[in-house]
Amino acid sequence: QVQPVESGGGTVQAGASLRLSCAASTRTLSDFALAWFRQAPGKEREFVATINWSGSYPYYGDSARGRFTISRDNVKNMLWLQMSNLRPEDTAVYYCAARPSSSVVEVEPARYDYWGQGIQVTVSS
């Protein structure tokens, strides 16, 4: 029902900013809650941020809160993650994910049905 594709990754220096994009091919993006996860080598997949169907209610994991901003545009079928003050520990593959909209915030990867292929973000010190 929705096919996400990430872009905008790359290598930056510590303290820099980077914006990730997710193009979501679907008929009605507002049917879905959206999220970003990340996974570093040898680590579990980690929740970064999620946003409700309308974009009114963002929610962040501890590692992202205060530095990252999640946003969406249902007309353009786009999701973004604006990352500021990047640190080496932010280095990971970042994934865009989607699930049918509901009344609860979900932070577990298993609750999301649709996933992009992931994109590498590397932060050097």
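Here is a short chat about a predicted model and how its side chains pack.

Colleague: Which residues have the most contacts inside the largest nonpolar core?
Modeller: That core has 28 residues. Several elements give two or more residues to it, including β3 (18–25), β4 (32–39) and β8 (78–83). The residues with the most contacts inside it are Leu-20, Trp-36, Leu-81, Met-83 and Tyr-94.

Colleague: How many residues are in the second, separate core?
Modeller: Let's look at who is in there: Phe-37, Phe-47, Ala-97 and Tyr-112 are included.

Colleague: Is Phe-37 buried or exposed?
Modeller: To be called buried, a residue needs under 20% relative accessible area. Phe-37 has a relative accessible area of 0%. So Phe-37 is buried.

Colleague: What kind of aromatic pair do Phe-37 and Phe-47 form?
Modeller: Their ring centres are 5.7 Å apart, with 70 degrees between the planes. Planes over 60 degrees apart count as edge-to-face. So the pair of Phe-37 and Phe-47 is edge-to-face.

Colleague: And what kind of pair do Phe-37 and Trp-115 form?
Modeller: Here the centres are 5.1 Å apart and the planes make an angle of 50 degrees. Under 30 degrees would be stacked and over 60 would be edge-to-face, with the rest counted as tilted. So Phe-37 and Trp-115 form a pair that is tilted.

Colleague: How many residues apart in sequence are the parts that this pair ties together?
Modeller: Phe-37 lies in strand β4, while Trp-115 lies in strand β10. The pair therefore ties together parts of the chain whose separation in sequence is 78 residues.

Colleague: Which ring has the charged end of Arg-45 over it at 4.8 Å from its centre?
Modeller: Arg-45 has two rings to think about. It lies over the face of Tyr-95, but there the distance from the ring centre is 3.9 Å. The ring at 4.8 Å belongs to Trp-115.

Colleague: Which residues form a nonpolar patch on the surface?
Modeller: One member, Val-105, is found in the loop between β9 (92–100) and β10 (114–115). Another, Tyr-59, also belongs to a cluster linked by ring pairs. Together the patch has about 240 Å² of accessible area, and its residues are Tyr-59, Val-105 and Val-107.

Colleague: How far apart in space are Thr-11 and Gln-120?
Modeller: Thr-11 sits in strand β2 (residues 10–13). In sequence, Thr-11 and Gln-120 are 109 residues apart. In space, though, their C-alpha to C-alpha distance is 8.2 Å.

Methods
Residues are numbered from 1 along each chain as its sequence is written. This is a predicted model: local features need pLDDT of at least 70, side-chain atom pairs count only at pLDDT 80 or more; totals for chains, interfaces and linings use all residues. Side-chain values use heavy atoms; hydrogens and water are left out. Patches are made of residues with over 30% relative accessible area and no salt bridge: like charges are joined within 9 Å, nonpolar side chains (Val, Leu, Ile, Met, Phe, Trp, Tyr) within 5 Å. Accessible areas come from the Shrake-Rupley method with a 1.4 Å probe; for residues, only the protein chains shown count as cover. A salt bridge is a side-chain nitrogen of Lys or Arg within 4 Å of a carboxyl oxygen of Asp or Glu. Helices (H or I, at least four residues) and strands (E, at least two) are DSSP runs, numbered from the N terminus. A nonpolar core is a set of buried Ala, Val, Leu, Ile, Met, Phe, Trp, Tyr and Cys residues joined through side-chain atoms within 4.5 Å. Buried means under 20% relative accessible area, exposed over 50%, partly exposed in between (1.4 Å probe, protein chains only). Rings of Phe, Tyr and Trp (its six-membered ring) pair if their centres lie within 6.5 Å; planes under 30 degrees apart count as stacked, over 60 as edge-to-face and the rest as tilted. A charge sits over a ring if NZ of Lys or CZ of Arg is within 6 Å of the ring centre and within 35 degrees of the ring normal.
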